[in-house]
Each structure stands twice: as C-alpha cells, then as structure tokens.
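Open the model in your viewer and keep the sequence panel beside it. The tour below goes from one selection to the next and says what is there.

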Amino acid sequence: MSALLEFDQVSQSYGDTRVVDAMSFQLADGEIGCLLGSSGCGKTTVLRCIAGFEPVESGEVRLAGEVLSRAGYARAAHERRIGMVFQDYALFPHLSVSANVGFGLRKLARAERERRVAELLELVGLATYGDAYPHELSGGQQQRVSLARALAPRPRLILLDEPFSSLDVDLRERLSREVRDILKREGMTAILVTHDQHEAFAMADKVGVMQGGRLLQWATPYALYHQPATRFVADFIGQGVFVPATIMAPNCVKLEIGEFCGLTPNGFTVGETVDVLLRPDDVQHDDASPLTARVESKVFRGSAFHYTLTLPSGQRVLAEVPSHHNHAIGEPIGIRLEMDHLIAFHRGA
Amino acid sequence: MEFDFSQIGPSLPGLAEGMWLTLQLLALAVLGGVAIGTLIALARLSNNRLLSGLAKGYVNIFRSVPLLLVITWFYFAVPFLLRWITGSDTPVGAFASCLIAFMLFEAAYYSEIVRAGIQSISRGQIGAAYALGMTYAQAMRLVVLPQAFRKMTPLLLQQSIILFQDTSLVYAVGLMDFLNTARSRGDIAGQPHEFLLFAGFVYFVISFGASRLVKRLQQRLTV
C-alpha cells in the first residue's frame, strides 16, 4: 500500500508557541489513523493544517503526491476534497437532514443527488429522518448525519475532530465501532483526533501519541501498548506503574515481585538498575505465592477488580483480579509476576 | 381651547394618499438599505484592509450626521451629480432623491446589525461549508446569511420602525408624505392642531402595534 497522506516535517506556531513541531507521519489508502493526546498537544492543529484551515510554517502536507500545503502556499480548503466531521457536528440548522447530507452534492443532477443522499442515510441508519431538522435529532443521530454529509461528495480523505466527545460513554463506544465499520465499508481513508484512548483503539489502524506538538510514536494500537517507544507513551497508554528492577543477565531482569527472562536480549547492561512498566495484568493474584502485598484500594469494574497493592518495600503496583476474588482493604493477598515481555527504560530517561 | 375633528373624515382619502407615499418610501428604503447594508457588512468583515476600512468609514460618517441634513443635501446634490455623470439635465424629483438618501443613510445602521448577525454564526459553519467544497461566497450565501438573517429579523424590523417615523423628515424637501399631507390639509381646513394630533395618533398606533408584533416574533424565534 502506498501512502495517500504524507505529513512531512510540518511545523506551525501561534505567536512564539510552537504547537506542531517538525511532525511527520504517513497514512496509506484505506487506513484509519488517529492522533491521540491530551488537550493542547497540537493534534487539532494538525487536523486543521490538513483540512486547509491553517497554513503551515514549514514542511509539507501531501495528498496522493500533490502538495496541499507548504511554507507560503496553501491550496484552498474548498478545493482539497477533504471531508470533515466536527466535534459540535456543525450541521446547518436551517436545512433539513437531507439538505445537509446533499449540501456537498450541489453539482450533481437532482435525481442523482437524491439517490446518493438516500444511500447515505441508509448507510448511517437514518433512512426515515430525511425531512427532520438537526435540532430534532439526538446527539448520536446528529453525528451520524454529520458523517453522512462528509461522506456524500466522496472525499479523498475524512477528518474527524473529537467526533464523539460530546456523547455519553455507552454511545461513544457503540458509535465509534459503527463509524469504523461505515468508513471501512466505503473504503475511506480517515484521520481521527481524540484524547480518549479507548476511542482511538476502537477506531484506528494506526495511532500516533502526541505531546507538546511532537509525535512520540506512530504505530498500531497493539504495538503502542506492548512496545511503547518512550516512557511518556508507556505511561499515557493503558494503566501501569514503573517499578525499579536490576538487569541480571542479557535477557533477565529481577523485580521485587519476581524475575523475568525473555527470549531475546533486553539491550541493557548487566547490573544496571532500570524502570520496568508493570501493567495490571502482569501482576496475578495467587493464594499459593509466598509473596504478599497489602490491598490499598480497589475499583470494581464488573468482570474484574482493579487493586492497588503495596509491596513489602512500600512500592505500589496495580493488579487486575477476577471479580469473584473480593478482598478487603488492608488485607494481604498472595501475588505472582506473570509478564510476557519486558517494557523497560533507563532510570531517569 | 376646543378641538374640532370634523374635517378629518372628509380628508381621509387625501391622508391615505400621503400614507401610501410614506409606505412606498419605507418599503423601498428598507429593501435598498438592507441590501446595501449587507454588502457593507461583508466589506467590513473582509480580510481586505482597504475594503474593510472604507466600509468602516462609511458607517462612521453616516452615523455622525443628522438625517435631515442628508435628505436636504441629497435633494440638491443628486441632480447635480447626475448632470455631472450623464452630461445632460436629468430630472430626479424629491421622491427619488429622498429614497436614495434613506437607503444610503439606513444602510449604515443596517450594516451594523447584519455584521453582528454574521459574527454570531459559529466559525465552524463556514469550516463545514469549506470542507464540502464551497467557496467563501457560497458559504456566506447558502450557510451564514440565511441563519444570520433569521436571527436578526427582529432587529432589522425594529430599525425599520424607526425608519418609518424618520420618513416624516421628507417635509424638508416638500414631499407630500403622511405627515406633510396632514399638516397642509389641517392648514386648509383651519384645524392644524387637530390634524397634527390625528397624525401623531396614527404614527403611534402603527409604530407601537408593529413593535409589539416584532416582540412576539422575537420570542417565537428564540424558543
């Protein structure tokens, strides 16, 4: 697969603040990418640069090989054929649902336009809502109309700016899966921007973690979770705590709660003290284990408890334990290390 | 002092003619004023510094001079300007010169209302239109202005009620509008005070009634 979108060494500043800093990534045709980061990390600016709402200071944005933006040049937003779905939906309140969806199809003949609008309303499950007005719809329905409207003119790329953040949690998960299905069915290339990791993982083929205008890692959700490139990514993605450990052998490391030996060398010097990321699922509850930790707090998650445990040294770790193991706060429980791969960083790195 | 309103009844057809002229003047001035005002508002909001500067100057000038002065000034200036442009004498008449004066004067006020209306529409609406392949002009025409006009209809109507009262200033150039007709009929009938009281009553009923209707419309639009 060749790259459809190339974001190449792009920088952009507001006044003296650099909001996007020499950022690069590529997205293949048909892929769904996601920029993940907390607010103010620059992710929305990246989207606005791609849409053409924002110039770039240096670097290049290319779509299918054609330069859309570079220093001193920006192809007009309305000529880019890039669709956009907005956080607040930005539906046109004075137009019906059908007119909203058909808005980008003004050049088509009437019959053809009506056919395409019907097809899209069918696709997003709102076939009977064509004559309704945006304010008569729920938030989830409005976002579906917004998606249909963006898809209608068959754009080359679709941008989704925090599309589910104004919806409640249940709906957010259902809709993000639905939207992914719709995008895949249409063979659409898309970029999503969000601060919600679950949304990112549910929707995207590739996820980029951003911090302070920089892209720290651009990888599949699986790789981000299991092979985080930096300490920040490791910390940001999923849950876990860093615990000190000593490198015992080129492939072995010793932690307070046990020893882990991998199949490949870990790349550290023997004798070095490193920080190892312990995910909640790396710490298993085992009554037979000689090592115990005290339950400090717990969160009930339905199928599991999330325990925060204190080790004899005072170090805290997280553990995910099936929910029928209901222990009281303060109670010591047996634990065992159950890691399948090592995520470790030099101390202080 | 005793009032005698006996002559008003027989004068009603004549007064109605005056009112007809007032309403014609009002309707055309509102249409022209809103159209020109919208163009000025768009110029004012444009990224072009020269254009927005000119628009701003226009608004400031017309809002800083008395309407009466503009009406009389146009009465003398318009024929002169036309002769200068066309090279021949073109009779314009008081009605046309007053109409042009009202349109241009009111455009300054309407443009501020339209500008506020446009600015009240979220930027996201223009962004959404761009993302669907619309140019700036299309986005304005199809997305922003329809929403803005809906929002500002009450304000535009309120301003038009003020304009309705201001049309009476045409007496300065001798145009026979409602007030001027009432004044002259009153003089002829020897009941000047009664005719002016009656005229004031008619202005009040129309303005107040229209104002109440606008209030009701405003409530319906905000709900």
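A salt bridge here is a side-chain nitrogen of Lys or Arg within 4 Å of a carboxyl oxygen of Asp or Glu. Side chains of opposite charge can pair when their charged atoms come close. Keep this rule at hand, and keep in mind that the model is predicted.

**Stop 1: the whole of chain A**

Select chain A and colour it by secondary structure. Eight helices and 21 strands make up its secondary structure. Its C-alpha atoms fill a box of roughly 75 × 45 × 35 Å along the principal axes. Of the 349 residues in chain A, 52% are buried. Take the contacts in chain A between residues at least 6 apart in sequence: 65% of them join residues at least 24 apart.

**Stop 2: the two domains of chain A**

Where do the domains of chain A touch? Nine residues of domain 1 are in contact with nine residues of domain 2. The size of an interface is often given as the accessible area lost when the parts come together. Between domain 1 and domain 2 of chain A, about 780 Å² is buried, and carbon and sulfur atoms give 52% of that area.

How many salt bridges does the rule find across the interface of domain 1 and domain 2 of chain A? The rule finds one. To look at a salt bridge in close-up, select A:Arg231 and A:Asp275, whose side chains meet at 2.8 Å, N to O.

Next, highlight helix H7 (221–226) and helix H8 (231–236) of chain A. Each supplies at least two residues of the side of domain 1 that touches domain 2. By class, that side of domain 1 has five nonpolar, two polar and two charged residues.

**Stop 3: where chain B meets chain A**

Show both chains. The contact takes 16 residues from chain B and 18 residues from chain A. The two chains bury about 1,400 Å² between them, with 70% of it on carbon and sulfur atoms. The count of salt bridges between chain B and chain A is zero. Three residue pairs are in polar contact across this interface, both residues of each pair being at pLDDT 80 or more.

Select helix H5 (123–131) and helix H6 (136–166) of chain B, the elements that give two or more residues to the side of chain B that touches chain A. H5(B) gives the most to that side, with seven residues. By class, the side of chain B that touches chain A has nine nonpolar, six polar and one charged residues.

**Stop 4**

Over all chains, the rule counts 29 salt bridges.

- A:Asp21 and A:Arg18: their side chains meet in a salt bridge at 3.4 Å, N to O. A:Asp21 counts as buried because its relative accessibility is 19%, under the 20% cut-off. A:Arg18, at 39%, counts as partly exposed.
- A:Arg62 and A:Glu60: the closest N and O atoms of this salt bridge are 2.4 Å apart. Both residues are buried.
- A:Asp205 and A:Lys184: the closest N and O atoms of this salt bridge are 2.7 Å apart. A:Asp205 lies in the loop between helix H6 (197–203) and strand E10 (206–211) of chain A, and A:Lys184 in helix H5 (residues 169–185), so the pair ties together parts that are 21 residues apart in sequence. A:Lys184 counts as partly exposed, at 34% relative accessibility.

Then select A:Glu6, A:Asp8, A:Glu60, A:Arg62 and A:Arg70 together. Salt bridges that share partners join these residues into one network.

**Stop 5**

Select A:Ala22, in strand E2 (residues 17–28) of chain A. Its phi is near 40 degrees, a positive value in a residue other than glycine. A:Ala22 counts as partly exposed, at 32% relative accessibility.

Finish at A:Tyr89, in the loop between strand E7 (82–85) and helix H2 (97–102) of chain A. Phi of A:Tyr89 is near 70 degrees, again positive in a residue other than glycine. Is A:Tyr89 buried or exposed? A:Tyr89 counts as buried, at 9% relative accessibility.

Definitions and conventions
Residues are numbered from 1 along each chain as its sequence is written. Chains are lettered from A and ligands numbered from 1 in the order in which they are written. Side-chain values use heavy atoms; hydrogens and water are left out. Contact means heavy atoms within 4.5 Å. Buried area is the accessible area (1.4 Å probe) that two parts lose on being put together, summed over both. Helices (H or I, at least four residues) and strands (E, at least two) are DSSP runs, numbered from the N terminus. Ala, Val, Leu, Ile, Met, Phe, Trp, Tyr, Cys and Pro count as nonpolar, Asp, Glu, Lys and Arg as charged, and the others, Gly among them, as polar. A polar contact is a pair of N or O atoms within 3.5 Å; within protein, one must be able to donate a hydrogen and the other to accept it, and residues adjacent in sequence count only if both atoms are side-chain atoms. Buried means under 20% relative accessible area, exposed over 50%, partly exposed in between (1.4 Å probe, protein chains only).
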